[in-house]
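This report describes selected features of the structure shown below. The model is a predicted one.

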Amino acid sequence: MTTKKKAASKRKPGRAATAKHSAGRRAQRKAEPKRKPRHIANRPVGRRAQNKAAIRKRIVTAALSLFQTKGFDATTTKAIARKAGIAEGTVFNYFRTKEDIALHFFEQEVDQAIASVRDNPRLRKAPLEEKLFALVHSQLEFLAPYERFIGAAFIHALKPASPLGIFSHRAQELRHRYVGFVQELMDESLPKHRLSPLTFLAPEVFWIYYLGALLYWLHDSSPGKQNTLAFLDRSLSIGVSVLKQGKL
Amino acid sequence: MASMGAGIAGSYLGYLLQRAFLGEAKGKIKLKSTHTLAARRMADEMQALRGPAMKLGQMLSLQTGFLPDEVLAELATLQMEAPGMHPSLVRVQVKQSLGREPEEIFKQFTPEPFAAASLGQVHHAVTREGQRVAVKIQYPGIRRAIKNDFSLFRTFSKPAQASGHLPKSAIDEIEKQIVAETDYLREADNIEFLADRLAPLSFVKVPRVFREYSSDKVLTMSLMTGRHLEDFLAQRPSQKLRNQLGAHLFELFHFQVFKIEALHADPHWGNYLFNDDAGISLVDFGCVKYLSPESAAYLRSVCLYPGSTGSADFRRLLETYYEQVGEKLLPGARRALIGFADNFYRKVYPPKPEKQQLFDFGDAIFLRDFLRESKNLFRTKGVITEFIFMGRAEMGLYQTLHRLKARVPTSQIVKKFL
């Protein structure tokens, strides 16, 4: 609780600084096109977007490395700013809270996993269980360098009021995107004429399955997390086989 | 938490049951039509329980005699199979093991397997140097799954252990050998060992290991030629060719026991490839049993024993050996051993063979004799743990010779090595 309060109290001056800072920036932005000829006007904007993305990335990288080494709760935005080599105010330009940084990371996790399945030509004709395996494995691979933090975030996410919570607004959005993609994969592979309550519920259930798999992975002490691989493979083939039969 | 997933991923037995549930297990034991329906059903069930459970089950049924002989003989040649892996899992497994994806390592890699192997599957590939190879890849987490099963088995087999019907040393031996099969680096050592020692037998081919593409879970070997027993028999080979192959198999087995004192002890048919020039290619070396010098010496001394099996000298041979390995030879077991020698070995391996005397393995009576005498020996607690795997290999050899209907100059071949 105390750390939360501290973080909140620190946030206020931060936010004020952000406002000032962004006002200054806006003024700059207005001034720029005047200095540059029209035909290359969009060039500096592109560069600025690039800069923005680079800073965002720097903040996320710094935050994750601190979450991993110091722990999520003990990490302050100040420390994140210091680690990223920028002013604390700049951090607030990009993320309101450290929970936002964590959520951004989870969005990246889901987006890259979806892309890795969608863009992999080898998976185009693969059976459903293989696609789902590739999806979950890609997520876990993305999370692997930050295992300690993921463990802490998992606990955080279970607290009802947590912004990281599985049922928080932003997390809901992320979940919809994920479930939507799983639905897509299932529609591709399952026979259309055999709709059953199971196929209707399956994508939502898969989200919960993923959380379970994550928990299994976190507790897996086998070398190379071999047991998680076996767990994913076995449980997915059973799950998909049940789904195809349309009944338990 | 670790035990939470035990049911689904932490048990080899669990895999096999799931395989049956998911309809993954395809092959069926080929039984002769003379078999009863009940025996067939039993065999199907045993089929679902391949692997460690099968080996244990086989041992138990040897004592209790609840399985028909023919099924028992078939069980000896079943393979320890793992669930199939889809290409994505194969890639993850190779990358984790060798650091790169198979497509990056090899010039060509076929993502679909061409064969099941003990605890994994085998893929075709071509190395950067253009060499065609077989890449054996292990199913994830199988070592721990097997260990879990054994600790469970130890718990519920306490009564059989206490009664001495299933000695702890026997379970230890089986576990040790099966767990060793999960280490492909050890298998690579086995291959190189046997390739070196089997060099005098020109009809045997052993693959070459590619160490740079191998790890404890991935094993890359040169691709071997030949056909599996079933396919070979389907070509209707001549009696002459079958006799030649039979003689080669017989020679290979006894050369290993008497000369190398170590043997390729997994008699699964997929492990032998037969060629039209009566050559034999060996392909799976997970289970290689190294014999102790005492055991090898004992086998040499009792094999083709010229005198009477009832003599004091023969009795002394048996007693000395049991003493050497720290076992007590009970009178019942001694009688069983002598019975084994009289009713089986003396028939198949006549001590004073006539010139060119052939033994006809096509006649099933010898197999029944072998199984009956084995059961006897088990019942009288006369089995030395060291021979558990060799006994299984021997049964596999006889079963294969029987399928080949080979006529083999048994004693002449063995004589060369004594």
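## Helices of chain B

Helix α13 of chain B covers residues 239–260 and has 22 residues. The distance from its first C-alpha to its last is 30 Å, close to the 32 Å expected at 1.5 Å a residue. Just after α13(B), B:E261 adopts a positive phi of about 60 degrees.

Helix α15 of chain B, residues 312–324, has 13 residues, which should span 18 Å at 1.5 Å a residue. Its end C-alpha atoms are 18 Å apart, in agreement with that value. Just after α15(B) comes B:G326, with a positive phi of about 75 degrees.

Helix α8 of chain B, residues 142–156, contains B:F153. With 17 other C-beta atoms within 10 Å, B:F153 counts as partly exposed, because a buried residue needs 20 or more such atoms and an exposed one has 12 or fewer. B:F153 and B:I171 are separated by 18 residues in sequence, and their C-alpha atoms are 9.1 Å apart in space.

## Strands β1 to β3 of chain B

Strand β3 of chain B, residues 120–126, has 5 of its 7 residues buried, so the rest of the structure largely encloses it. Strand β1(B), residues 108–109, runs antiparallel to β3(B) and is joined to it by 2 bridges. In this pairing B:Q108 stands opposite B:V126.

Strand β2(B), residues 115–117, also pairs with β3(B) in the antiparallel sense, over 3 bridges. Here B:A115 has B:V122 as its bridge partner.

β3(B) is joined to β4(B) by 7 bridges, and the two run antiparallel. B:V122 has B:K136 as its bridge partner in β4(B), and B:V126 is partnered with B:R132. The hairpin of β3(B) and β4(B) has 5 residues between the strands, and B:G130 in this hairpin takes a positive phi near 90 degrees.

Of the 7 residues of β4(B), 6 are buried, so this strand is largely enclosed by the rest of the structure. Strand β4(B), residues 132–138, is antiparallel to β6(B), with 5 bridges joining them. B:V135 has B:T220 as its bridge partner in β6(B), while B:I137 stands opposite B:V218. Strand β6(B), residues 218–222, has 4 of its 5 residues buried, so the rest of the structure largely encloses this strand as well.

## A three-stranded open sheet in chain B

An open sheet of 3 strands in chain B has the order β5-β9-β8, with mixed pairing. Its edges are β5 (204–205) and β8 (272–274) of chain B; each has a single partner strand, so one side of each is left without a neighbour in the sheet.

β5(B) pairs with β9(B), residues 280–282, in the parallel sense over 2 bridges. Within β9(B), B:S281 stands opposite B:K205.

## Nonpolar cores

Which residues have the most contacts inside the largest nonpolar core? They are A:V136, B:L249 and B:L401, in a core of 111 residues. Leaving aside neighbours within four places in sequence, B:L249 is in contact with B:I280, B:L397, B:T400 and B:L401. A second, separate core has 21 residues, including A:I59, A:I80, A:I101 and A:A153.

## Domains of chain A

The domain assignment divides chain A into domain 1 (12–94) and domain 2 (98–245). Between them, 11 residues of domain 1 are in contact with 10 residues of domain 2.

On the side of domain 1 of chain A that touches domain 2, the elements giving two or more residues are α2 (42–70) and α3 (77–84) of chain A. α2(A) gives the most, with 6 residues. By class, this side of domain 1 of chain A has 7 nonpolar, 4 polar and no charged residues.

Notes. Residues are numbered from 1 along each chain as its sequence is written. Chains are lettered from A and ligands numbered from 1 in the order in which they are written. This is a predicted model: local features need pLDDT of at least 70, side-chain atom pairs count only at pLDDT 80 or more; totals for chains, interfaces and linings use all residues. The expected span of a helix is 1.5 Å times one less than its number of residues. Two strands pair if DSSP finds at least two bridges between them. Domain bounds come from an automatic or database domain assignment. Two residues are in contact if their C-beta atoms, placed from the backbone, lie within 7 Å. Ala, Val, Leu, Ile, Met, Phe, Trp, Tyr, Cys and Pro count as nonpolar, Asp, Glu, Lys and Arg as charged, and the others, Gly among them, as polar. A nonpolar core is a set of buried Ala, Val, Leu, Ile, Met, Phe, Trp, Tyr and Cys residues joined through C-beta atoms within 7 Å.
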